[in-house]
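Here is a short briefing for a first look at a protein model. Keep the structure open beside the text as you read.

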Amino acid sequence: MTPGAAPRGGIWVATGVMTAALAIAPFVGVYPVFLMKALCFALFACAFNLLVGFGGLLSFGHAMFLGTAGYVCAHAAKIWGWPPELAILAGTLAATLLGVVAGALAIRRQGIYFAMITLALAQMMFFFYVQAPFTHGEDGIQAVPRGMLFGLLDLSETLIMYYVVLTIFVAAFLFICRIVNSPFGQVLQAIRENEPRAISLGYDAERYKLLAFVLSAALSGLAGSTKAIVFQLASLTDVHWTMSGEVVLMVLLGGMGTIFGPVVGAFAIIGLENYLSGFGQWVTVITGGIFVVCVLAFRRGIVGELGAWWAQRK
Amino acid sequence: MAADNILETRGLTKEFKGFVAVRDVSLVVRRGTIHALIGPNGAGKTTCFNLLTHFLTPTRGRIFFMGRDITGSRPAAIARLGLVRSFQISAVFPHLSVLENVRIALQRKRGHSYDFWRPAATLSVLDDRARELIDAVGLTDFTTKPAVELPYGRKRALEIATTLALDPEMMLLDEPTAGMAHDDVQRISELIKTVACNRTVLMVEHNLSVVSKLSDHITVLARGEILAQGDYAAVSKNPDVVQAYMGAGHG
Ligand SMILES: Nc1ncnc2c1ncn2[C@@H]1O[C@H](COP(=O)(O)OP(=O)(O)OP(=O)(O)O)[C@@H](O)[C@H]1O
Ligand SMILES: [Mg+2]
């Protein structure tokens, strides 16, 4: 699947349908807390997909952006008493800066080496957070106040919080669609398809990849900050390497390099974890099994396979 | 360096782990000419192109382009100076349409390529120019097709159109007619002749009839070294050249 192959008009219609469905979901019996969790992960997965699906760079350390933003946002809201909009902004900025540094170190490497460097950097961040006093180690930063958004909206009201999360998600989703279909997105696709040729046309491939990396880090940070406000918690789970793995799983399951794949993948995985939560440790085994089946049976992911089927039918 | 020499190398050498692929090559290309670089397989022609465009770093030697030392410049920067290469294996963006392929090159000249917040529709101002270039290489009927669906000869034509979109001072063509049917060879030779009228072309080519028809000057490379230079008549009579080609199994 390539972004160029996706019908533009179709994307607008589908985005509208998705937004409408999410807007009414709490009224047809879906728990808002589940929806908010799934939306935070969907945003994280979309941000990750921007890098891997459209930039061709497989990072194995994206948890560092999610988790860093969560810690900074939670700290700003709880200790400094910042309003939620500023706390979210602070978390997102922290992830962006980390993205600049990590990207500058990793972007020159290709393939598996790129994945390994991002993993190594994420592990370094993890051990830093284990040691740093402000994170409160195993306990995490708890009881983060949700506060009043712009001094107007009381986020402790679950439904208000939900619609704020939905707004953030849809805005970020549209922003990603725009990035993919922008002059920059065109160059990014050209680099992914034939990097030497793009260089021979005068494009500094590494700078374009770095920009994609930073944008992906920033959007992952937005997901992490939002998640910290929603769950009033920032913990080591979000910086752990298993989180980096989970987002890979979501994107692969949904369909790498498709616009909607990561959303579908995130809802599927979070839904499954929710549904199977009674099975304890077995959840990991079951999601692992799904992963294997997915990779073996439909390599393009759910949305990717649907898209291919649709294209063949015509 | 004389002003009418657009490209000059001095003592250019590339070693791969003890194996010397290019040895002490001092090449001079005059502005406005079609210069052919020929030689048997493995002579080091493609390696030379890789060195000139800094896709490989020379072990020794210097490269001057339009009077400027470009030995240490980054590949993308060299392209922006106007020295643009093609590849031995056709290089297109397979899942972009023919129009988008050409537009990518036009877009680089125009700038704004880091703009991730603008819609791609802003690029449509480049469509007219792109279509002109596509017409010029005879791909009009393929404009909206993905590049991957073009027959081989057409891909090479697309590659040339994309390179031309940058309006480069100098083009490096690596075997532009390799693997083509007779008609395509004809078309591409014509095209090279046309586009060379106001720029310099350095091309690697195995098809000697194409070389004899197009080139003003020929450099023969064998085992990494310059074996002979001159026009086609002189070079083809050179006993060393005949020997080198026979030895490598060419006719
Ligand atoms: N990256 C590399 N590492 C090691 N050896 C290399 C490398 N690139 C090229 N060579 C060797 O250098 C020699 C010259 O190769 P090059 O590709 O430049 O030849 P060529 O003249 O373009 O040949 P052809 O006509 O077959 O395209 C060959 O023996 C090749 O095996
Ligand atoms: Mg070659």
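**Where the chains meet**

Between chain A and chain B, 15 residue pairs are in polar contact, both residues at pLDDT 80 or more. A polar contact is a pair of N or O atoms within 3.5 Å; within protein, one must be able to donate a hydrogen and the other to accept it, and residues adjacent in sequence count only if both atoms are side-chain atoms. This is a predicted model: local features need pLDDT of at least 70, side-chain atom pairs count only at pLDDT 80 or more, and totals for chains, interfaces and linings use all residues. Residues are numbered from 1 along each chain as its sequence is written, chains are lettered from A and ligands numbered from 1 in the order in which they are written, and side-chain values use heavy atoms, with hydrogens and water left out.

**The side of chain A**

- Four elements of chain A give two or more residues to the side that touches chain B: α6 (158-180), α7 (183-193), α8 (195-200) and α9 (205-231).
- Helices here are DSSP runs (H or I, at least four residues), as are strands (E, at least two), and both are numbered from the N terminus.
- α7(A) gives the largest share of this side, seven residues.
- By class, this side of chain A has 14 nonpolar, eight polar and five charged residues.
- Ala, Val, Leu, Ile, Met, Phe, Trp, Tyr, Cys and Pro count as nonpolar, Asp, Glu, Lys and Arg as charged, and the others, Gly among them, as polar.

**Extent of the interface**

- The contact (heavy atoms within 4.5 Å) takes 27 residues from chain A and 37 residues from chain B.
- The area buried between the two chains is about 2800 Å². Buried area is the accessible area (1.4 Å probe) that two parts lose on being put together, summed over both.
- Carbon and sulfur atoms give 61% of that buried area.

**Salt bridges**

- Side chains of opposite charge can pair when their charged atoms come close.
- The rule finds two salt bridges across the interface of chain A and chain B. A salt bridge is a side-chain nitrogen of Lys or Arg within 4 Å of a carboxyl oxygen of Asp or Glu.
- B:Arg74 pairs with A:Asp204, with the closest N and O atoms 2.3 Å apart.
- B:Arg80 also forms a salt bridge with A:Asp204, the closest N and O atoms being 3.0 Å apart.
- B:Arg80 lies in helix α2 (residues 75-81) of chain B and A:Asp204 in the loop between α8 and α9 of chain A, so the pair joins two chains.
- Over all chains, the structure holds 18 salt bridges.

**Around ligand 1**

- Of the 13 residues around ligand 1, those that come nearest are B:Asn41, B:Lys45, B:Thr46, B:Thr47 and B:Gln88. A residue is near if one of its heavy atoms lies within 4 Å.
- α1(B) gives the most to this shell, with three residues.
- The shell has four nonpolar, seven polar and two charged residues.
- A polar side-chain atom of B:Thr46 lies 2.7 Å from an oxygen atom of ligand 1.
- For B:Asn41, a polar side-chain atom lies 2.9 Å from a ligand 1 oxygen atom.
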